[in-house]
Amino acid sequence: MPDAVMIFAAGFGTRMGDLTKDRPKPLIEVGGQTLLDRTLELCAEIPRRVINTHYLAAMIRDHVTDQDVTVIEESPEILDTGGGLRNALPVLGPNPVYTMNSDAVFAGPNPLALLGDAWESDRMDALLLCVPLELAIGRKGDGDFTLAEDGRLQRGGNRVYTGVQILKTDQLAGFPDHVFSLNRLWTEMASRGRLFGLDYPGRWADVGHPGGIALAEEMLDT
């Protein structure tokens with residue numbers, strides 16, 4: 001099980017409209033608790049927790065000032081998920097890490113524990129936690145992947161990425177760009193049969209848009 005986690009919290013949250021004019025998306029509340037606090041609770045047992053920031057970075061830094069986390073501000077530009085993760089490697093270390101988006105809500109088993117139990121380093125370069133599209137609460141759009149019987153993922157299909165994964169980071173050094181998405185790394189891993197997925201047995205809600213807030217609160221209340 002990895003001993004470090006990267007929480008992505010640098011985005012502008014443009015899909016949230018007016019809700020992110022005065023606060024970053026991770027500080028939006030769902031059920032009386034910020035999305036960031038919900039994410040931090042899920043990874044409370046991980047020894048090294050790292051958060052990247054950019055948009056309204058000071059608000060996130062102030063919010064976690066009394067918590068045992070490392071905050072890395074991306075400046076002057078936002079680095080996207082791949083560039084942001086690579087930028088944080090001096091703190092995260094060389095071993096596989098968890099990464100988490102901060103705009104989703106889970107109801108059920110701890111997603112990091114499930115991934116840790118299923119991780120097989122000898123045959124996996126990444127293990128993504130997914131949900132079937134028909135169970136993805138608040139999801140807008142199609143699925144992301146197809147999940148084969150042996151657990152391998154390929155692009156396109158009815159599985160939605162929940163925003164939580166275990167990932168080997170050594171391949172990040174091979175990308176010449178300063179700013180890039182982890183999607184590019186996943187594509188390379190999939191081409192080698194090293195990208196794997198795991199279905200989440202609980203419930204999951206996408207809170208990347210305003211309508212997702214009420215849907216997530218409804219999910220938590222049932």
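Modeller: The buried residues of helix 5 are Pro111, Leu112, Leu115 and Gly116. Buried here means under 20% relative accessible area, exposed means over 50%, and partly exposed lies in between (1.4 Å probe, protein chains only). Around the axis these four cover an arc of only 135 degrees, so they sit on the same side of helix 5; the arc is that of the directions from the helix axis to the C-beta atoms. The elements that cover them include helix 1 (35-42), strand 6, strand 7, strand 8, strand 12 (159-167) and strand 13. Helices (H or I, at least four residues) and strands (E, at least two) are DSSP runs, numbered from the N terminus.

This is a predicted model, in which local features need pLDDT of at least 70 and side-chain atom pairs count only at pLDDT 80 or more, while totals for chains, interfaces and linings use all residues. Residues are numbered from 1 along each chain as its sequence is written, and side-chain values use heavy atoms, with hydrogens and water left out.

Now the charged pairs beyond the helix. Glutamate 120 forms a salt bridge with arginine 123, with 2.9 Å between the closest N and O atoms. A salt bridge is a side-chain nitrogen of Lys or Arg within 4 Å of a carboxyl oxygen of Asp or Glu. Glutamate 120 counts as partly exposed because its relative accessibility is 32%, and arginine 123, at 28%, is partly exposed too.

Aspartate 125 pairs with arginine 194, and here the closest N and O atoms are 3.1 Å apart. With a relative accessibility of 6%, aspartate 125 counts as buried. The pair belongs to a network of salt bridges that links Asp125, Lys168, Arg192 and Arg194.

Lysine 168, in the loop between strand 12 and helix 6, is also buried, at 15% relative accessibility. Its side chain reaches the backbone oxygen of serine 121 at 2.6 Å. The backbone oxygen of methionine 124 lies 3.1 Å from a polar atom of the lysine 168 side chain. Leaving out residues up to four places away in sequence, lysine 168 touches Pro96, Trp119, Ser121, Met124, Asp125, Leu185, Met189 and Arg194, where contact means heavy atoms within 4.5 Å.

By the salt-bridge rule the count comes to 12. One of them joins lysine 25 and aspartate 103, at 3.0 Å from N to O. It too links distant parts of the chain, 78 residues apart: lysine 25 is in the loop between strand 1 (4-8) and strand 2 (29-30), and aspartate 103 is in the loop between strand 6 (97-101) and strand 7 (104-107). Lysine 25 is buried, at 16% relative accessibility, and aspartate 103 is buried with a relative accessible area of 16%.

Strand 7, named above in the cover of helix 5, is part of an open sheet of 3 strands with the order 7-14-9 and mixed pairing. Strands of a sheet pair through backbone hydrogen bonds, either parallel or antiparallel. Two strands count as paired if DSSP finds at least two bridges between them. Strand 7 and strand 14 (residues 203-206) run antiparallel and are joined by 4 bridges, with valine 105 opposite alanine 205 in strand 14. Strand 7 and strand 9 (136-137) are the edge strands, each pairing on one side only.

As for the whole, the protein has 7 helices and 14 strands, and 52% of its 222 residues count as buried. Its C-alpha trace spans about 45 × 40 × 30 Å along the principal axes. Among contacts between residues at least 6 apart in sequence, 71% join residues at least 24 apart.

How values were computed: A polar contact is a pair of N or O atoms within 3.5 Å; within protein, one must be able to donate a hydrogen and the other to accept it, and residues adjacent in sequence count only if both atoms are side-chain atoms.
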